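The sequence and the model are shown first.

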Amino acid sequence: MKEGIEKVKSEINSKILFWNNIKSRKLKAALIVVFVGVVFLKIYTTVFTFDWFTNLIQSL
């Protein structure tokens, strides 16, 4: 368990270092937009899938 926590901490630290090493504000903004877009796409497809699934079950 302790190894897992240390691994997660090290992964988070590496992501923070990567983010801090990016000097371009445009690149940071683009990464934020892409991240938010991927999150919204995932939410949209999940809702669409469950809506389709519930319609399929109701038709049975």
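Val-39 lies in helix H2; helices (H or I, at least four residues) and strands (E, at least two) are DSSP runs, numbered from the N terminus. The model is a predicted one, in which local features need pLDDT of at least 70 and side-chain atom pairs count only at pLDDT 80 or more, while totals for chains, interfaces and linings use all residues. Residues are numbered from 1 along each chain as its sequence is written, and side-chain values use heavy atoms, with hydrogens and water left out.

With a relative accessible area of 33%, Val-39 is partly exposed, a class between buried (under 20%) and exposed (over 50%), using a 1.4 Å probe and protein chains only. Val-39 belongs to a nonpolar surface patch together with Phe-18, Trp-19, Leu-27, Leu-31, Ile-32, Phe-35, Val-36, Phe-40, Ile-43 and Val-47. Such patches comprise residues with over 30% relative accessible area and no salt bridge, nonpolar side chains (Val, Leu, Ile, Met, Phe, Trp, Tyr) being joined within 5 Å and like charges within 9 Å. The elements giving two or more residues to this patch are helix H1 (2–21) and helix H2 (25–59). H2 gives the most, with 9 residues. Together the patch residues have about 1,000 Å² of accessible area, computed by the Shrake-Rupley method with a 1.4 Å probe, where for residues only the protein chains shown count as cover.

## Overall form

The chain contains 2 helices and 0 strands. Its C-alpha trace spans about 55 × 40 × 5 Å along the principal axes. The radius of gyration is 19 Å, whereas a compact globule of 60 residues would have a value near 10 Å; it is taken over C-alpha atoms, and the globule rule is 2.2 Å times the number of residues to the power 0.38.

Of the 60 residues, 2% count as buried. The accessible surface of the chain comes to about 6,000 Å², and carbon and sulfur atoms account for 72% of this area.

## Charges and the salt bridge

Side chains of opposite charge can pair when their charged atoms come close. The count here is 1 salt bridge, defined as a side-chain nitrogen of Lys or Arg within 4 Å of a carboxyl oxygen of Asp or Glu. Lys-15 forms a salt bridge with Glu-11, their closest N and O atoms being 3.8 Å apart. Because these two residues are 4 residues apart in helix H1, about one helical turn separates Lys-15 and Glu-11. Lys-15 is exposed at 53% relative accessibility, while Glu-11 is partly exposed at 43%.
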